Amino acid sequence: MEAINGVTFEDWGAACGNIAQGMSAEEVCEILGLELPVWQKTNDEWAGKLGDIMAQDMNMATVYSGFFTNPKVGKFAGVSQDAGSSIDSLLQKAPDFDTYQKIFSHQSVASEHGIDAVTVLEEYGLNLHDWSQLSMHYSSYANSDFHHTSPEYMERYKEVSGAIDKWDKHWKEHYKNDVVDLADDIDF
């Protein structure tokens, strides 16, 4: 596979994975030795080729998705990033299930009103990678002792369902005046 503007498929995939984990486009450009407009053009061209690459070899879909799990390959190998995304630092931003549910519900209700969920995460100082880590942590938490025979079942059930109800109501009230009608410009 030929490089585009000197950027290999591996380096492009790693760049995308690092951006998803919070690295800035400027940092990517520095590592790749590109100016921002060249990176943007390169990114667009690789994205355009991705479908053809996967059509020729479906294993490339797995290779590409792997860059989001481990983006420290190619020119990005050994690059450290202080993204503040260790679970301990993330728990500073969402220290309990209630806070996690607040953010989760905020994204959900906001998206019903045309607001991008990633924008909501940014309000809390989080990116997609951070959110993924927090989601795994609190999913584990919510599901532990969540078997009906467990002595903690009712207590955990009340805590989890109470937080869900509380924050869903809160955000629906918050956005009640921001109704989005996606069909308002369609005449039948």
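Good morning. I begin with Gln-101, which is found in helix α6; helices here are DSSP runs of H or I with at least four residues, strands are runs of E with at least two, and both are numbered from the N terminus. Please note that this is a predicted model, in which local features need pLDDT of at least 70 and side-chain atom pairs count only at pLDDT 80 or more, while totals for chains, interfaces and linings use all residues. Residues are numbered from 1 along each chain as its sequence is written, and side-chain values use heavy atoms, with hydrogens and water left out.

Is Gln-101 buried or exposed? Gln-101 counts as buried, at 5% relative accessibility. By definition, buried means under 20% relative accessible area, exposed means over 50%, and partly exposed lies in between, with a 1.4 Å probe and protein chains only. Leaving aside neighbours within four places in sequence, Gln-101 is in contact with Ala-163, Ile-164 and Trp-167, where contact means heavy atoms within 4.5 Å.

I turn now to charged pairs. Side chains of opposite charge can pair when their charged atoms come close. A salt bridge is defined as a side-chain nitrogen of Lys or Arg within 4 Å of a carboxyl oxygen of Asp or Glu. How many salt bridges are there by this rule? The count comes to three.

One of them joins Asp-98 and Lys-166, with the closest N and O atoms 2.8 Å apart. This pair links distant parts of the chain, since Asp-98 lies in helix α6 (residues 97–111) and Lys-166 in helix α9 (residues 153–174), 68 residues apart. Asp-98 is partly exposed at 26% relative accessibility, and Lys-166 is partly exposed at 43%.

Another salt bridge is formed by Glu-45 and Lys-41, whose closest N and O atoms are 2.4 Å apart. Where do these two residues lie? They are in helix α3 (residues 36–56), and because they are four residues apart there, about one helical turn separates them. Glu-45 is partly exposed at 32%, and Lys-41 is partly exposed at 48%.

The side chains of Glu-173 and Lys-176 also meet in a salt bridge, at 2.7 Å from N to O. Glu-173 has a relative accessible area of 47%, and Lys-176 has 46%.

Finally, the chain as a whole. Its secondary structure comes to nine helices and zero strands. Buried residues make up 32% of its 188 residues. Of the contacts with a separation of 6 or more, 71% are between residues 24 or more positions apart.
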